[in-house]
Amino acid sequence: MHQLSKDGKLKNLLTIEGLKKEHIIEILDKAEGFFTPDSGEIIQTNHLQNKTVANLFFEPSTRTRSTFELAAKKLGASVLNLDISHSSTSKGESLRDTVRNLQAMQCQLFVIRHHTSGACHFIAEQIDPKVAIINAGDGCHAHPTQALLDMFTIRKHRQDFQKLSVAIVGDILHSRVARSQIHALHILRAGEIRVIGPKTLLPAQVEKLGVHVFHDLHQGLKGVDVIMMLRLQTERMQKGLLPQGNAYYRQYGLTTETLSLANPNALIIHPGPINRGVEIQSEIADSPNAVILDQVTNGIAVRMAVMSLLMNNANKGSL
Amino acid sequence: MHQLSKDGKLKNLLTIEGLKKEHIIEILDKAEGFFTPDSGEIIQTNHLQNKTVANLFFEPSTRTRSTFELAAKKLGASVLNLDISHSSTSKGESLRDTVRNLQAMQCQLFVIRHHTSGACHFIAEQIDPKVAIINAGDGCHAHPTQALLDMFTIRKHRQDFQKLSVAIVGDILHSRVARSQIHALHILRAGEIRVIGPKTLLPAQVEKLGVHVFHDLHQGLKGVDVIMMLRLQTERMQKGLLPQGNAYYRQYGLTTETLSLANPNALIIHPGPINRGVEIQSEIADSPNAVILDQVTNGIAVRMAVMSLLMNNANKGSL
Amino acid sequence: MHQLSKDGKLKNLLTIEGLKKEHIIEILDKAEGFFTPDSGEIIQTNHLQNKTVANLFFEPSTRTRSTFELAAKKLGASVLNLDISHSSTSKGESLRDTVRNLQAMQCQLFVIRHHTSGACHFIAEQIDPKVAIINAGDGCHAHPTQALLDMFTIRKHRQDFQKLSVAIVGDILHSRVARSQIHALHILRAGEIRVIGPKTLLPAQVEKLGVHVFHDLHQGLKGVDVIMMLRLQTERMQKGLLPQGNAYYRQYGLTTETLSLANPNALIIHPGPINRGVEIQSEIADSPNAVILDQVTNGIAVRMAVMSLLMNNANKGSL
């Protein structure tokens with residue numbers, strides 16, 4: 001494992017898998033401290049003063065890149081944005097050489113998104129112990145900061161995870177978000193975890209992840225306290241993996257009707273950007289129990305917490 | 001109107017139309033204060049410390065985006081550049097959702113350029129009163145900061161607007177710049193406003209804007225004190241809206257010969273980038289009465305003034 | 001010359017040619033001061049506080065642009081990145097007008113990369129004496145900061161240039177790096193300078209540059225103390241200028257075997273990004289005498305030194 005130091009401290013954030021409850025609680029508590037008590041705005045700090053954060057995106061994502069950029073700046077860091085998908089940076093250079101070069105340029109923290117599952121683990125093996133890596137999404141594997149901000153949001157609105165029945169709805173098979181969410185919910189000892197989706201979009205033997213499997217949305221939503229919608233990647237529809245057009249919405253869309261099966265006041269979560277009328281009814285997305293924009297704000301604070309913690313641990317490690 | 005608060009303060013800058021003289025004078029005076037008295041350089045301030053300005057450009061424009069970025073940084077703000085035209089940000093997301101997400105990311109000031117006339121008004125309807133919007137050009141509708149920097153430049157060099165005869169030359173029909181200039185000149189009570197251009201490039205019933213219309217450059221320039229050239233968008237030539245090749249220059253180009261018809265020392269203004277030999281003779285663009293580069297510098301100060309004023313008003317509003 | 005002021009101070013860094021030994025030593029010494037004495041990390045300073053550095057790249061280069069961006073930020077400057085190759089900035093605007101506009105936007109330092117040899121000299125002729133230009137690579141002409149960081153690296157590891165035999169290996173003909181290196185080595189009075197490459201990739205009458213010419217790598221490397229590899233631009237292979245596929249590597253690749261001909265502990269330098277197995281054996285690139293990543297770090301400090309020196313001289317000049 002390249003995620004934890006010998007004494008169990010978080011060195012890199014590569015995946016939720018293998019973290020202890022204490023690791024997650026430490027991050028969520030730290031994130032809470034970045035809000036002003038009164039206005040709920042995020043404060044400016046100097047935790048990462050004189051540090052440089054490199055946003056290394058091999059897959060384009062303006063939204064996720066922006067949240068990391070804003071989080072880093074709120075910590076007082078310099079930010080270097082490298083949009084590798086558009087650039088000639090690599091010029092055939094290996095991933096390892098690219099990262100080692102940036103390290104030589106005195107970047108201390110790497111936020112990496114890559115289309116290949118496992119790319120961040122690969123880089124973590126290669127890198128100097130004084131620098132740290134955050135996985136901002138690798139292939140279908142993991143998207144740990146998304147799961148952490150989801151947990152932060154659930155804890156803020158619902159407190160005790162053990163009493164919660166949580167449903168994850170949509171394309172679980174291709175979703176790094178779902179995989180990270182399931183691990184996080186287990187670690188925080190959620191009462192029940194359900195996954196809901198068509199057979200073609202659930203991983204083989206998904207039950208082994210400790211979840212209850214539903215192919216029918218009506219059955220799956222019955223009595224749940226938290227609904228975690230996934231974004232439908234409509235390009236998969238074109239490849240025949242998903243029911244065409246309205247069919248998906250009719251079967252798996254969260255609507256006033258299907259929502260009524262869940263517990264009253266069920267919390268609705270979505271990683272964004274939402275597809276109104278594709279996986280979620282527009283009115284539901286704007287309803288008070290849908291905390292989708294709150295998630296975005298929490299995402300800044302949670303990413304600040306992760307960055308601050310990793311840099312803190314890296315500095316101690318190098319003493 | 002989403003531009004003024006109930007007590008008449010500027011909340012967003014969407015258009016020049018409907019502003020009072022006091023609003024414009026307040027901005028121009030504030031801009032003047034951002035210059036050092038001696039060297040005429042722009043000072044660094046902390047008016048927007050801990051604020052984040054999002055540059056949201058749905059139409060590419062490195063130049064205008066850069067002036068807003070530089071202005072924001074001179075005020076001590078963080079800047080998030082979002083080049084939506086090149087990115088996959090929206091992924092089919094609505095304009096409203098994009099802006100609400102950025103608001104959730106703790107951006108307080110939005111600088112928006114959009115190809116659709118009215119896009120900024122639409123967003124202003126949707127947005128939290130604690131954030132502010134600046135229209136950096138929407139379709140053929142308005143480009144208010146350009147008009148304000150033009151007014152700043154005219155005032156600096158010529159003082160009293162009531163004594164001035166001002167001519168706007170070129171493609172008035174498609175120009176958001178011209179529309180904003182005409183409104184601003186009226187509000188500042190310019191003595192006379194003329195528009196000069198071929199019939200195909202003047203809006204229907206343009207006289208109703210309170211301007212004198214000329215199709216002949218020689219007649220139109222006679223005795224004017226200020227000449228506001230418009231940039232010729234040469235792609236319109238290809239569509240047959242404009243005389244091909246040299247024909248436009250021969251009829252509407254500002255040259256030593258045509259300039260001689262204006263008042264001696266007539267001030268020459270151009271929003272840039274200039275097309276030398278297309279709408280203006282190269283030597284004229286570099287002559288002492290052409291204050292085109294001075295406009296660029298003034299544009300930074302005027303944008304600082306608008307940003308500072310809007311954030312000031314937003315903070316008061318939220319108390 | 002637009003590089004030196006009348007009293008011999010560096011105003012712009014356009015090329016190594018024509019610099020005196022004192023100019024180079026001043027930069028290298030200044031760069032040394034930007035490292036912490038103990039950890040060898042680069043310090044944060046405020047030498048360029050309230051200054052704006054414009055990175056004006058007419059040829060895409062994420063890597064070089066990043067090093068200048070990081071160097072500028074380590075000096076406390078604001079950075080404006082303008083990727084002209086992707087943007088519509090110029091819209092047919094002349095290079096001179098683009099730079100004069102940025103100057104009017106209060107940018108004080110221009111880092112320019114351009115595909116045309118001599119572009120930086122051209123701009124330096126046009127520009128206000130209060131601003132400064134750094135050539136970040138123009139056509140096949142010069143890349144002075146690369147040569148300076150190479151000299152810094154050689155001096156750090158080998159001290160006395162007069163005792164050194166230095167070989168430059170590869171496509172000398174198209175290399176602005178090689179040209180700048182040869183000038184710098186002469187100015188610092190290197191004991192011997194050799195160039196090694198196929199006839200098709202050496203400039204006509206290259207001997208006139210005061211170098212010994214070798215077409216055979218084995219002969220050329222005999223007894224050298226420093227090996228400066230050039231990056232092979234593989235697109236030239238496709239145009240028939242270079243031996244196809246493995247042929248180049250077999251003839252001109254730096255391998256364990258060919259390296260054994262050089263002096264023991266010969267220093268290996270490469271401007272990066274390296275093509276493993278194309279111009280250099282992968283194991284050699286990672287060996288202790290290959291100081292390729294050290295060059296990258298030194299490049300930040302050397303660019304800080306050049307920027308700081310130029311701004312210092314510009315401010316004095318304007319008094």
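At 0% relative accessibility, C:Cys120 counts as buried (buried is under 20% relative accessible area, exposed over 50%, and partly exposed in between, with a 1.4 Å probe and protein chains only). Please keep in mind that this is a predicted model, in which local features need pLDDT of at least 70 and side-chain atom pairs count only at pLDDT 80 or more, while totals for chains, interfaces and linings use all residues. Residues are numbered from 1 along each chain as its sequence is written, chains are lettered from A and ligands numbered from 1 in the order in which they are written, and side-chain values use heavy atoms, leaving out hydrogens and water.

How many disulfides does the structure hold over all chains? The count is 0, where a disulfide is a pair of cysteine sulfur atoms within 2.5 Å. In chain A, the closest cysteine sulfur to that of A:Cys140 belongs to A:Cys120, and at 14 Å it is too far for a bond. A:Cys140 is partly exposed, at a relative accessible area of 31%. Over in chain C, C:Cys120 is in no disulfide either, with the nearest cysteine sulfur, that of C:Cys140, 14 Å away.

## Aromatic pairs

Rings of Phe, Tyr and Trp (its six-membered ring) pair if their centres lie within 6.5 Å; planes under 30 degrees apart count as stacked, over 60 as edge-to-face and the rest as tilted. By this rule there are 6 aromatic pairs over all chains. One of them is the stacked pair of C:Phe35 and C:Phe152, with 6.1 Å centre to centre and 20 degrees between the planes. C:Phe35 sits in the loop between helix H1 (21–32) and strand S1 (52–57) of chain C, and C:Phe152 in helix H5 (residues 144–158), so the pair ties together parts that are 117 residues apart in sequence. Helices (H or I, at least four residues) and strands (E, at least two) are DSSP runs, numbered from the N terminus. C:Phe35 is buried at 18% relative accessibility, and C:Phe152 is buried at 3%.

C:Tyr248 and C:Tyr252 form a tilted pair, 5.5 Å centre to centre and 35 degrees between the planes. They are 4 residues apart in helix H9 (residues 246–252) of chain C, which means a separation of about one helical turn. Both C:Tyr248 and C:Tyr252 are buried.

## Arginine over a ring, and a glutamine

In chain C, C:Arg303 lies over the face of C:Phe68, 4.7 Å from the ring centre (CZ of Arg or NZ of Lys must be within 6 Å of the ring centre and within 35 degrees of the ring normal). C:Arg303 also touches C:Gln146, a residue of helix H5 that is buried at 7% relative accessibility. Not counting residues up to four places away in sequence, C:Gln146 also touches C:Val177, C:Pro271 and C:Gln295 (contact means heavy atoms within 4.5 Å).
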